[in-house]
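Here is a short briefing for a first look.

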Amino acid sequence: MVDSLTDGLKVRHLTMMGLGSAIGAGLFLGTGAGIAAAGPAVLLSYAIAGFLVVLVMRMLGEMAAASPSSGSFSTYAEMAFGRTAGFVTGWLYWFTLVMVMGAEMTGAAAFMGAWFDVDPWIPALVAMVVFAAINLAKVSNFGEFEFWFAAIKVTVIIGFLVVGTLLVFGLLPGSDPVGAANFTGLGGFAPNGVSGIAAGLLVVAFAFGGIEIVTIAAAESKDPALSVGRAVRSVVWRISVFYLGSILVITLLLPWNRLDEAQSAAESPFTLVLQQANLSGVVGFMEAVIVLSLLSAFNAQIYATSRMMYSLALREGRRGPLARVDASGVPRAALLVSVFFGFVAVLLNYLDLDGLLTFLLNAVGASLLAIWAMTVASQLRLRRRLEAAGPLPVRMWAFPYLSWMALALLVGLTVLMLTDASSRRQVLATLAVVVLLTVVGLVTGRRRAAAR
């Protein structure tokens with residue numbers, strides 16, 4: 001099924017969207033927390049998380065290529081398990097992105113407010129209006145913005161890998177080969193053992209979140225089956241190289257026991273590495289990159305929330321404004337509703353209401369687990385049905401064994417989260433939201449059936 005949207009996105013747009021969504025401020029600011037937990041063995045944490053995401057994206061790519069839909073995993077959940085499953089998955093994703101939108105805009109506005117010496121709400125308001133306008137234009141305009149946003153971030157990562165590699169081998173003026181002193185000399189490769197690797201996995205497990213936007217956007221490409229296949233294959237290996245390469249460079253050049261989650265650009269491991277190369281203006285440069293990353297992700301999330309809401313309304317069979325597109329093929333009403341709630345999320349971040357904001361952000365913490373698990377379960381249920389409908393442009397490897405392995409990894413990660421106090425709160429908060437959405441889905445489903 002292809003929704004009644006336009007086909008203004010190209011393969012390069014989809015590829016860069018996936019890259020740009022996964023290369024965010026979390027990579028530049030949060031990397032140190034994972035390294036502090038596991039030491040250099042955080043590479044294993046990233047490898048496990050990356051392997052899981054590769055499997056999930058391959059399964060999602062298989063379904064998206066066979067049946068493109070702007071509802072993506074929500075649509076496939078509905079196809080596999082019925083309306084309530086699709087309802088819960090879609091609205092959980094929408095809620096997650098709206099809350100993340102608020103947090104990311106708050107972070108970006110704090111930087112920009114300091115740059116221009118104004119209250120943070122002013123750049124937040126300006127950015128909200130600008131990105132709403134971008135998304136209200138043709139989807140090809142959105143695609144171009146995301147392409148160039150992501151291209152800048154990718155260029156920064158490549159430049160970092162080049163500079164870092166030259167530093168590792170002592171090929172820059174004034175530098176000497178670093179050897180393995182930081183990598184194995186401070187308590188060994190895994191100084192905190194298996195428990196450290198597990199703790200690192202909790203920190204980095206959701207680092208790749210956002211990559212799924214590729215399959216949402218596929219419904220608006222000229223050849224969805226071809227586009228999503230190429231984009232998924234390209235995004236997966238590039239993300240793996242960029243993440244693992246960056247972490248390897250950082251753990252070779254910086255003592256792991258002096259790192260933690262960065263509270264500013266100056267504390268970012270990326271900044272600390274570039275400072276070793278005696279590059280001037282590194283802190284300001286990294287601040288700009290972090291703000292760009294936040295704004296890029298924010299732009300993509302406006303797009304994704306509007307398409308998910310549009311798809312949910314369309315599948316409900318409604319004829320209201322949320323299920324309509326304008327002359328440019330943009331679901332205007334759904335987009336404006338998402339932007340409005342983005343404003344609300346920003347306001348919640350500024351007000352920092354005791355208890356409420358903590359609960360909402362905790363609920364976001366484990367939501368990707370639920371969405372990924374539903375994606376895997378949907379693929380296991382739909383594979384034979386999709387095969388019967390015709391050749392699959394993208395096929396999951398070693399079906400069903402790797403699909404079941406992905407599900408087992410997700411269960412294991414959930415159990416691991418339940419053993420950690422802060423992560424346990426995230427799982428329980430997400431469970432509460434899922435239960436609430438399930439009740440709402442069942443009630444609205446019955447009303448819908450009774451109205452027929």
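Helices here are DSSP runs of type H or I with at least four residues, numbered from the N terminus. By that numbering, serine 72 lies in helix H4, residues 72–81. The model is predicted.

**Backbone exceptions**

- Most residues other than glycine have a negative phi, and most peptide bonds are trans.
- Serine 72 is not a glycine, yet its phi is positive, at about 45°.
- Asparagine 278 is not a glycine either, and its phi is positive at about 60°.
- Phenylalanine 399 and proline 400 are joined by a cis peptide bond, with omega of about 5°.

**Where these residues sit**

- Serine 72 has a relative accessible area of 0%, so it is buried; the cut-off for buried is under 20%.
- Asparagine 278 belongs to the loop between helix H12 (269–276) and helix H13 (282–315).
- Asparagine 278 has 65% relative accessibility, so it counts as exposed; the cut-off for exposed is over 50%.
- Proline 400 is in the loop between helix H16 (367–389) and helix H17 (401–418).

**Helix H17**

- H17 has 18 residues, which should span 26 Å at 1.5 Å a residue.
- Its end C-alpha atoms are 26 Å apart, so the span agrees with expectation.
- The buried residues in H17 are Leu402, Ser403, Ala406, Leu410, Leu413 and Met417.
- They cover an arc of only 110° around the axis, so they lie on the same side of H17.
- The buried residues of H17 pack against helix H3 (42–66), helix H9 (193–204), H16 and helix H18 (421–451).

Key
Residues are numbered from 1 along each chain as its sequence is written. This is a predicted model: local features need pLDDT of at least 70, side-chain atom pairs count only at pLDDT 80 or more; totals for chains, interfaces and linings use all residues. Side-chain values use heavy atoms; hydrogens and water are left out. Helices (H or I, at least four residues) and strands (E, at least two) are DSSP runs, numbered from the N terminus. Buried means under 20% relative accessible area, exposed over 50%, partly exposed in between (1.4 Å probe, protein chains only). The expected span of a helix is 1.5 Å times one less than its number of residues. The arc is that of the directions from the helix axis to the C-beta atoms. Contact means heavy atoms within 4.5 Å.
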